[in-house]
Amino acid sequence: MQTGGYSTGDQGASPPPPPPPPVPLAPPGAPGVPGVNTTQPYLVPMPAAPPHEWRSAPSLPRQPGNATASLVLGILSIFLFCIVIPGLLALILGLVAASTIKRSNGSLKGLGVARAGWILGLVSLVGMAAFVAAAAAGAFDTGERSVYELAVGDCVDLSGSVDADGSNDDTEVDELPIVDCSLPHDGEVYHLGEIERFDEYPGRRPVLANVELVCTGTVFTDYVGIDYVDSEFGLFTLSPTDESWPLGDRGFICIATGAGGAPLVGSVRGSNR
C-alpha cells in the first residue's frame, strides 16, 4: 500500500513566461486594428511646451526733481516777486532741467514743467526789475513829504493844515504835499530854523510868538526882497508841539502864503511883492 503526499515538483524546471505587453489605446469607435483595444479612450500625447523667454519690462520715463522744484518756485515767485531768490532759483533750475531732459533721449520727461518753471521765474524777475525802476522814477511817490524833510524853496499845498479861521494854532502836521512852483500852490518855504530861547516847553503861545518874530524879520526880507510889513504875502508857520518838544524837536518852518489865502503861482523868491 502506498501513502499519499505533496509533490514538490521538479527542481530543474524553467521559470514562467513574462506577462503580455499592454494593449494600445485607441479612440472609441476606431476601426478595428489587430491587437488594439478600442473600448478604452485614446490618450494623445501633448507636445512639449517651448522654453519661456524672460524679458524685462521697459522702464517708464521719469521726471527730474529739479523740473518740479522749478515749477513750484516759479509759482511762488509770482506772488513773492519782490523777493529775488525764488524767481532766480526757478530760472536756473528750469533751464538746467530742460537741458537735461532734451539730452536724455526719451528716458526723462517733464520738459513742459521745466519750461513753465523757468518762464515763471523770468517773468517774476522782469516784474521785480520794472517795479524797482518805477519806484526809482517816483511812480509810487504820493507827492507828500515829511515836514522834517522840507527844504527852502519847496512849494507846498496847505489844504487841511489850517483851522477854519486860517490859523494853525492847534493843528498838528506831519506831511505836506509838494507842488511844482509853476503851478498854483498855497505856500513856499523860505526859512528853516531852531528855537534856542527856551529850555522847557513854554507853551503854545510863547513858541508861536518867538517863531513869528523870526519869520517876519530879516529872513523874510532876504528871501522876498522887501520887508514883511510891506509885502502882500501872508505867513504860515510850523513849530514844535508839547508832544514833540520832549523828544528834542526844536525846529520851525516859515512859509510865505498868498494874500488872504489866495493861491500862489511862481516862486516868491526875489519877487519884491
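## Helices H2 and H3

Let's start with a helix pair: H2 and H3 are roughly antiparallel to each other (angles under 35 degrees count as roughly parallel, over 145 as roughly antiparallel, 65 to 115 as roughly perpendicular and the rest as oblique). The model is a predicted one, in which local features need pLDDT of at least 70 and side-chain atom pairs count only at pLDDT 80 or more, while totals for chains, interfaces and linings use all residues. Residues are numbered from 1 along each chain as its sequence is written, and side-chain values use heavy atoms, with hydrogens and water left out.

Two packed helices are described by the angle between their axes and the distance between the axes. For helix H2 (residues 84–102) and helix H3 (residues 111–136), the axes cross at roughly 150° and come within 7 Å. Axes here are lines fitted to C-alpha atoms, for helices over the stretch in contact, and angles run from 0 to 180 degrees between N-to-C directions. H2 and H3 make a left-handed crossing (left-handed if the near helix is turned anticlockwise from the far one by less than a right angle, and right-handed if clockwise).

On the H2 side, the residues that meet H3 include Val84, Leu88, Leu91, Leu95, Ala98 and Ile101. Their counterparts in H3 include Leu111, Ala114, Trp118, Leu122, Leu125 and Met128. Contact means heavy atoms within 4.5 Å. By class, the contact of H2 with H3 has 14 nonpolar, five polar and two charged residues; Ala, Val, Leu, Ile, Met, Phe, Trp, Tyr, Cys and Pro count as nonpolar, Asp, Glu, Lys and Arg as charged, and the others, Gly among them, as polar.

## Helices H1 and H2

H2 also packs with helix H1 (residues 65–79): the axes of H1 and H2 come within 8 Å and cross at roughly 150°. That makes H1 roughly antiparallel to H2, and the crossing of H1 and H2 is left-handed.

The contact is made by Asn66, Ala67, Ala69, Ser70, Leu73, Gly74 and Ser77 from H1, with Pro86, Gly87, Leu89, Ala90, Leu93, Gly94, Val96 and Ala97 from H2. Sorted by class, the contact of H1 with H2 has nine nonpolar, six polar and no charged residues. Gly87, Ala90, Gly94 and Ala97 of H2 are also listed among the residues that meet H3.

## The chain as a whole

Stepping back, the chain has five helices and six strands. Its elements run α-α-α-β-β-β-β-α-α-β-β from the N terminus on. Helices (H or I, at least four residues) and strands (E, at least two) are DSSP runs, numbered from the N terminus.

Of the 273 residues in the chain, 29% are buried; buried means under 20% relative accessible area, exposed over 50%, partly exposed in between (1.4 Å probe, protein chains only). Among contacts with a separation of 6 or more, 66% come from residues 24 or more positions apart.

## Two disulfides

The count comes to two disulfides, each a pair of cysteine sulfur atoms within 2.5 Å. With bonded cysteines counted along the chain, they follow the pattern 1-2, 3-4.

Cys155 and Cys181 form a disulfide with sulfur atoms 1.8 Å apart. This pair links distant parts of the chain, 26 residues apart: Cys155 is in strand S2 (residues 155–156), and Cys181 is in the loop between strand S3 (175–179) and strand S4 (187–194). With 100° about the S-S bond, the link of Cys155 and Cys181 is right-handed, and both cysteines are buried.

Cys215 is joined to Cys254 by a disulfide, S to S 1.8 Å. Here Cys215 in helix H4 (residues 204–215) is linked to Cys254 in strand S6 (residues 251–257), 39 residues apart. The torsion about the S-S bond of Cys215 and Cys254 is about -70°, so this disulfide is left-handed. Cys215 is buried at a relative accessible area of 0%, and Cys254 is buried with 0% as well.

## Leu208 in helix H4

Helix H4 also holds Leu208, a buried residue with a relative accessible area of 4%.

## Two asparagines with positive phi

Most residues other than glycine have a negative phi. Asn105, though not a glycine, has a positive phi of about 55°. Asn105 sits in the loop between H2 and H3 and counts as exposed, at 76% relative accessibility.

Asn272 has a positive phi of about 55° too, and is not a glycine. Asn272 lies in the segment after S6 and, at 48% relative accessibility, counts as partly exposed.
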